[in-house]
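Take a moment with the sequence and the 3D view before reading on. The paragraphs below walk through them step by step.

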Amino acid sequence: MVDLPAPSEECGSRRFSIQTEADVMAVARGARQLAEHLGFSQVRAYHLATATSELATNLAVYAGGGMVQLHVIEDPAKANRIGVELRVEDQGPGIPDLALAMTEGFSTGARLGCGLPGASRLMDEFSIDTSAHQGTRIRAVKWRQPALLPTAPISTEAGSLAPTRTAP
Amino acid sequence: MTPSLSQVLKHRQDELLEHWLRDLSQTSSDGSFSSAHPELIEPLRELFYVLMTQLDQAASREISLATDQPSRLEREQQTALEPPLKQLVAEQARLQRSLSDTLGFLLYLKHLLFKALFAAADQAVEERSILWLDHCFEQIARQTFDLALAQRDRYISEQSISIMELSTPVLRLWHQILLLPLVGVIDTGRARQITDHLLEAIAKYEARVTVIDLTGVPIIDTSVAQHIMKTIDAARLLGSRVVLTGISPEGAQTLTKLGIRFGDVISRASLRAGIAEALLITGKRIAAMEASPR
C-alpha cells in the first residue's frame with residue numbers, strides 16, 4: 001500500500017471557468033494532474049479526466065458557459081479513502097428531459113449522445129439537478145480506489161470495469 | 001487656464017527632452033526602470049513631441065476637471081498618443097523588456113514635468129494644473145497598459161495559429177500510404193483543418209491507406225471521437241482506408257465505458273503494427289535483405 005498523500009490546501013480545490021471549447025482542455029488536464037498527484041491509477045485518472053472533459057464540453061456547447069470545480073475529498077465513512085469531487089454548474093437553459101438526456105445515443109445537437117450517460121458511468125458517484133431556466137448542477141465523485149464489492153472482491157483495475165461480474 | 005504649465009512646456013521643452021532621454025539611458029536610482037535600449041530613443045523622442053503638443057493644446061484651452069465630462073479632449077489625446085505609444089510598447093516587447101519599465105519611463109517624465117513646473121512657478125502652482133497633469137499621466141499609463149495587453153493577446157493568437165498549422169502534418173509514408181500523427185487538443189476548428197489537410201493529401205497522392213496515430217492526443221472523449229469518426233468517413237469517401245493506432249490501454253477502456261464504437265475501423269495498438277497493416281493492405285511487406293552471395 002502506498003502512502004496516502006494528505007490532501008493539502010493548495011491542491012485541495014481548483015475552479016475553472018468554461019466559456020468556449022478552448023477552455024475545456026485546461027480543466028481536463030487539471031483533473032488528470034490532480035488525480036495522478038493523489039496517486040490514482042492511470043486508468044482511473046483517465047476516467048476522471050474524460051468525464052470532466054465531457055461535462056465541460058457540455059457547458060461550452062449547450063449551456064453557454066459555466067463553472068467547473070475540483071475538490072479533494074475524504075470519504076466520511078471510510079478513513080484513508082480519498083477522491084476527487086467534480087462540481088459543474090451553469091446558468092444555462094437547463095435540461096428539458098433529463099431521462100432522455102441520460103439515454104444512450106440521444107443528442108439534441110447532432111452529437112454522439114454518450115456524453116452525459118458516459119460521464120456518469122466513468123464516475124463512481126453522479127447526481128444531477130436541473131430545472132428549466134435555472135441552470136444545471138452536477139456533482140460527481142471519483143474515488144482513488146474502486147469500491148470493493150462484498151460479493152465479488154475485486155482488487156484489480158480491470159475488475160472495477162465490470163463490477164457486476166461474479167468472482168471466479 | 002494654466003499659464004504656468006503652458007509656459008514651462010513651451011520654454012523648457014528641449015531641455016526637458018534631453019534630460020529625460022539622458023536619464024533613461026541609465027537604470028534609475030530608485031529602480032523604477034532599467035535603462036532604455038538605444039533603439040528606443042527615437043520612439044521615445046517621437047512620443048515626447050506628440051505628448052507635448054497634446055499637453056500644450058490642452059493647457060491653452062479652458063480645462064475642465066469635472067469627471068462627469070469624459071471630455072472630447074481626452075479622447076483626442078488618446079487618439080493622438082496611440083501611434084507613438086503603440087510603437088513604444090511594440091519595441092519594448094521586441095527587445096523583451098518588461099511593461100513596468102515602459103511605465104517607468106513615462107512616469108519619470110511626469111516626475112520631470114512636475115519638477116520643472118514647481119521650479120518655474122514664482123508663486124504657488126495652481127492646484128488645478130497639478131491635478132490635471134496627474135490625471136493626464138494616469139490616462140497615459142492606463143492606455144499603455146491596455147496597448148501592451150492587446151499586443152500580447154495578438155501575439156498569443158498568432159502563436160496558437162502557427163502551432164495549429166505546425167501540428168497537423170500529413171506525411172507520405174510510402175506509395176499510396178499516408179500517416180497523420182495527431183498531437184494535442186482536437187477541437188472543432190482543428191478537426192476541420194485536419195480533415196481538410198488529409199483529404200487534400202489523399203486526393204493528391206491517391207492514397208489507399210491512411211494511418212491515423214493518436215499517441216499524442218491526451219484525452220479521447222466523445223467529441224474528439226466524433227471528430228475522428230467524421231475524418232475517417234470523409235477519407236473513406238475518397239477511397240482511402242483508415243488504420244487507427246496509438247490508443248492507450250486506459251484510453252481504450254474509457255472509450256468502451258463511454259459507449260463509443262469505432263465500428264469497422266481497423267485499429268492497432270502501436271504505430272508499428274499500424275504501418276505493417278497498411279503495407280499489407282497495399283500488398284507490400286518489409287523483408288530482410290537477402291544474404292549477399294559470396
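**A walk through two chains**

Start with one pair of residues: Arg172(B) has Leu178(B) in β2(B) as its bridge partner. The two strands involved, β1(B) and β2 (residues 177–183) of chain B, pair in the antiparallel sense over three bridges. Two strands pair if DSSP finds at least two bridges between them. Strands (E, at least two residues) and helices (H or I, at least four) are DSSP runs, numbered from the N terminus.

Some ground rules come next. This is a predicted model, in which local features need pLDDT of at least 70 and side-chain atom pairs count only at pLDDT 80 or more, while totals for chains, interfaces and linings use all residues. Residues are numbered from 1 along each chain as its sequence is written, and chains are lettered from A and ligands numbered from 1 in the order in which they are written.

Now widen the view in chain B. Five strands form an open sheet in the order β1-β2-β3-β4-β5 (chain B). The pairing is mixed. At the edges are β1 (171–174) and β5 (266–268) of chain B, each pairing on one side only. From one strand to the next, the twist averages 30°. Angles run from 0 to 180 degrees between N-to-C directions, and axes are lines fitted to C-alpha atoms, for helices over the stretch in contact.

Which helices lie on this sheet? Helix α7 (residues 188–205) of chain B lies across β1, β2 and β3 (209–216) of chain B, at about 170° to β2(B). Helix α10 (residues 271–281) of chain B also packs on the sheet. α10 touches β1, β2, β3, β4 (241–245) and β5 of chain B, and its direction makes about 175° with that of β3(B).

A residue is buried with 20 or more other C-beta atoms within 10 Å of its own, exposed with 12 or fewer, and partly exposed in between; the C-beta atoms are placed from the backbone. Beyond its neighbours within four places in sequence, Gln193(B) is in contact with Met164(B) and Thr168(B). Contact means that C-beta atoms, placed from the backbone, lie within 7 Å. Thr168(B) is 25 residues away along the chain, yet the two C-alpha atoms are separated by 7.9 Å.

Turn to chain A. Here an open sheet of five strands has the order β1-β2-β3-β5-β4 (chain A), with antiparallel pairing. Its edge strands are β1 (13–18) and β4 (125–131) of chain A. The twist averages 15° from one strand to the next. Strands β3 (residues 82–90) and β5 (residues 135–143) of chain A pair over eight bridges. Leu86(A) stands opposite Ala140(A) in β5(A).

Helix α5 (residues 115–122) of chain A has these buried residues: Gly115(A), Leu116(A), Gly118(A), Ala119(A) and Leu122(A). They lie on the same side of α5(A), because they cover an arc of only 165° around the axis. That arc is taken from the directions from the helix axis to the C-beta atoms. Their cover includes α3 (42–63) and α4 (98–101) of chain A, together with α8 and α9 of chain B.

That brings the chains together. In all, 18 residues of chain B are in contact with 23 residues of chain A. On chain B's side, α9(B) gives the most, with six residues.

Notes: Contact = placed C-beta atoms within 7 Å.
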